[in-house]
Amino acid sequence: YKSPTDEAATTGGDGNGFEASPDNAFADGGGVATNLNGAADRHIFSDYGFAIPAGATINGIETRTDWYLDGTGGTNSLDVELSYDGGISWTGAKSDITETDKEHVSTLGGASDTWGRSWSSSEFSNAHFRVRVTSSSTDGNRDFYLDWIPVRVYYTPDITAPTVDAGADQTKKAIFTQVGSASDASGIASVVWTKQSGPGTVTFGSPSATTTTVSASTDGTYVLRLTATDNASNTNFDEFTLIWDTVGPNISATQNSDFLYNASEFITLSVNDDAGGSGINQALYGWDAPASVSFNDGDTITPPSEGSQTLYLYASDNAGNYTATSGTYILDSLAPNDPTPAISSSHSTSTWNSDTTVDVTWTGASDGSGREWTDFIPNGIPLQQLWPDRWSKSTKKPPTPKLAPAYRPDKTIISTL
């Protein structure tokens, strides 16, 4: 039982309630509170000091009355009402109709009696809970004596954890808003967002609210937790996974040899995301036009037509990052045209000797991929590969041609001087 620590007379009867020593009703024994000529008098007792845990289920309320009369003439009772809002509203009255001129103990309510309503733990606070006692008698001169008016509350503590939802998993490249939720019958006392794992620092715009902005300092995968505590100090949590990805995919095109000289040569397309990235959403390529044809990592392609053409590549990841690039490729499956030789007009072949420099020139062969060398073969014996379109007997090591890595010449066409 809990005893009251405050009291006050209220309207009813002659308006003075238990006018003599009302605080004697704060404890069992040691004196009584006295209401003289008390028919219809009322008195309120309060400040019971209950500490009902938040969220507890109230099963019943029991009020004890230790009291007696100065006599048993007439019809007499002690009526008790309870208030849950500071005395504004009251339950229906419960009455002890036992009439004695010696103290007796009566209990009103009980372990499963909630006095006609559902209660919350907060309604037993000193600010809200009140007990009103009415001395009822058909004899206006009847005296009432009250020794003690304690109250017992039967309840089941709240041991149910809150319901928590951290929200959907996310794949992001910039600050975003995460919407979580938390609920409980006893009410939520607090929530907090925390990082459980991940490579960098996570910034929560509102770490103590269910809805918050989120950003990360480093690309990678994070596990983020929303923890809620209810008013009964029960806790629960939920987590979501964040993939933070601010870098576009890697794309490339690699030839299977140095040159593209026929349809058997091909280009291998590569696409991948960095380790820990969000994954590839789309990969496209196109020839001489914006990329529009889907491809997968490792697919091979060949230029669609003879000659020079531009390959465009595009890829995006699941976080919305993208990469685009292009390169020029030449498909040359045709041999060079026939070179046209000519000997210098100032010399004839009979004058060639070790002391004479003889120039031989020709109109060089042309080709779609470029001409790398021409082989000059006097008397059927290959002399050397020459560049450009000139040979001199005194020239032993003409300059070596330099070509773009993607270009490959075709077989040389031989013409005879």
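S233 is located in the loop between β18 (220–230) and β19 (235–244), where strands are DSSP runs of E of at least two residues, numbered from the N terminus. The structure is a predicted model, in which local features need pLDDT of at least 70 and side-chain atom pairs count only at pLDDT 80 or more, while totals for chains, interfaces and linings use all residues. Residues are numbered from 1 along each chain as its sequence is written, and side-chain values use heavy atoms, with hydrogens and water left out.

Although S233 is not a glycine, its phi is positive, at about 70 degrees. With a relative accessibility of 58%, S233 counts as exposed; the classes used here are buried (under 20% relative accessible area), exposed (over 50%) and partly exposed (in between), computed with a 1.4 Å probe on protein chains only. A positive phi, near 55 degrees, also occurs at D47, a residue other than glycine. D47 belongs to the loop between β3 (42–46) and β4, and its relative accessibility of 23% places it in the partly exposed class.

The interior was examined in terms of nonpolar cores, defined as sets of buried Ala, Val, Leu, Ile, Met, Phe, Trp, Tyr and Cys residues joined through side-chain atoms within 4.5 Å. In soluble globular proteins, nonpolar side chains tend to be buried together. The largest nonpolar core comprises 28 residues, and those with the most contacts inside it are F124, F129, V131, L146 and I149. Two or more residues are given to this core by each of β4 (57–69), β5 (76–83), β8 (130–137), β9 (144–148) and β10 (151–156). The greatest contribution, 4 residues, is that of β4. Another core, of 16 residues, lies apart from it and includes V191, W193, A216 and L224.

Contacts (heavy atoms within 4.5 Å) were then considered for individual residues. When neighbours within four places in sequence are set aside, the partners of V131 are H43, I44, F45, Y48, V80, E81, L82, W90, I149 and V151.

W119 occupies the loop between β7 (104–109) and β8 and is buried, at a relative accessible area of 9%. Excluding residues up to four places away in sequence, W119 touches I58, I61, L82, S83, Y84, T91, T114, F124 and F129. A polar atom of the W119 side chain lies 2.9 Å from the backbone oxygen of T114. The C-alpha atoms of W119 and A56 are 9.5 Å apart, although these residues are separated by 63 residues along the chain.

Definitions and conventions:
A polar contact is a pair of N or O atoms within 3.5 Å; within protein, one must be able to donate a hydrogen and the other to accept it, and residues adjacent in sequence count only if both atoms are side-chain atoms.
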